Amino acid sequence: MAEMSGAEDTGGEAGPGATAGVGGAAGAAGAAGVGGASGTVAPDCPEEIRRALAAHTTMTLAYVDEDGPQACAVLYATGVASGAGDGGAGGVEAGGTSGGASGGASGVAGAGAVGAGPALYFVTATTTRHGRALVEPGARVAFTAQQDGQEWSGLTGLQGRGRCRPLTGAERAAGWQVYVERFPFVTASDRLRAALERTTLWELRPDWLRLIDNGQGFGHKEEWSGR
């Protein structure tokens with residue numbers, strides 16, 4: 001997005017992630033903790049930013065590996081993991097619905113919890129380039145999400161930074177439920193469902209988010225930090 005250019009932007013080529021064209025990157029590390037280093041509780045992510053995240057389903061994920069910077073486009077579903085520090089998911093409160101933008105806000109329960117932050121779930125194999133990069137200890141990512149074909153007067157979009165981690169066990173089951181509720185076509189196809197169930201589910205926990213909304217004035221921004 002033009003207005004989203006600058007130091008925080010995460011451009012790059014947008015190639016869909018692996019696995020049946022649904023892959024993506026973005027799982028959130030419980031890192032990006034909800035509490036800051038000083039032990040203080042971070043403010044809750046504003047509802048306006050949550051709604052904007054839930055209104056979209058594709059993000060451009062940027063990362064760096066031994067070959068340099070790279071970016072990919074991935075499908076994601078939103079939920080909220082509250083009260084978690086570094087390394088912990090904190091439990092999935094709820095996920096976005098298949099209702100698109102209108103289902104986004106209502107799909108995120110527990111939004112009033114102190115220090116609650118959003119969680120983004122996506123599927124991709126650890127054998128992909130971004131999968132190999134994200135699994136590295138301390139790896140960080142940046143991302144943007146926005147719709148194509150917008151007019152300048154109403155341009156909206158999101159920028160974010162955070163960490164990713166692969167989910168297992170009960171955490172994977174909870175995140176998977178959020179994902180398939182947002183993308184019901186996954187369970188409608190036995191072949192696709194089987195393929196994705198064998199693939200790694202990731203959680204992306206943003207620790208910084210910026211919403212751009214020209215509808216509220218040119219260059220209008222709202223930011224949230226979970227650190």
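Trp176 is buried, with a relative accessible area of 11%. Buried means under 20% relative accessible area, exposed over 50%, and partly exposed in between (1.4 Å probe, protein chains only). This is a predicted model: local features need pLDDT of at least 70, side-chain atom pairs count only at pLDDT 80 or more, and totals for chains, interfaces and linings use all residues. Residues are numbered from 1 along each chain as its sequence is written, and side-chain values use heavy atoms, leaving out hydrogens and water.

Tyr179 is buried too. The table sets out both residues.

| Residue | Relative accessible area |
|---|---|
| Trp176 | 11% |
| Tyr179 | 0% |

Rings of Phe, Tyr and Trp (its six-membered ring) pair if their centres lie within 6.5 Å; planes under 30 degrees apart count as stacked, over 60 as edge-to-face and the rest as tilted. The count by this rule is four aromatic pairs. Trp176 and Tyr179 form a stacked one, 5.9 Å centre to centre with 20 degrees between the planes. They sit about one helical turn apart, because three residues separate them in helix 4 (residues 169–182). Helices (H or I, at least four residues) and strands (E, at least two) are DSSP runs, numbered from the N terminus. Ring pairs join Trp176, Tyr179, Phe183 and Phe185 in a cluster.

Now the strands. In strand 5 (residues 117–123), seven of the seven residues are buried, so this strand is largely enclosed by the rest of the structure. Strand 5 runs antiparallel to strand 8 (residues 201–213), with four bridges between them; two strands pair if DSSP finds at least two bridges. Phe122 stands opposite Trp202 of strand 8.
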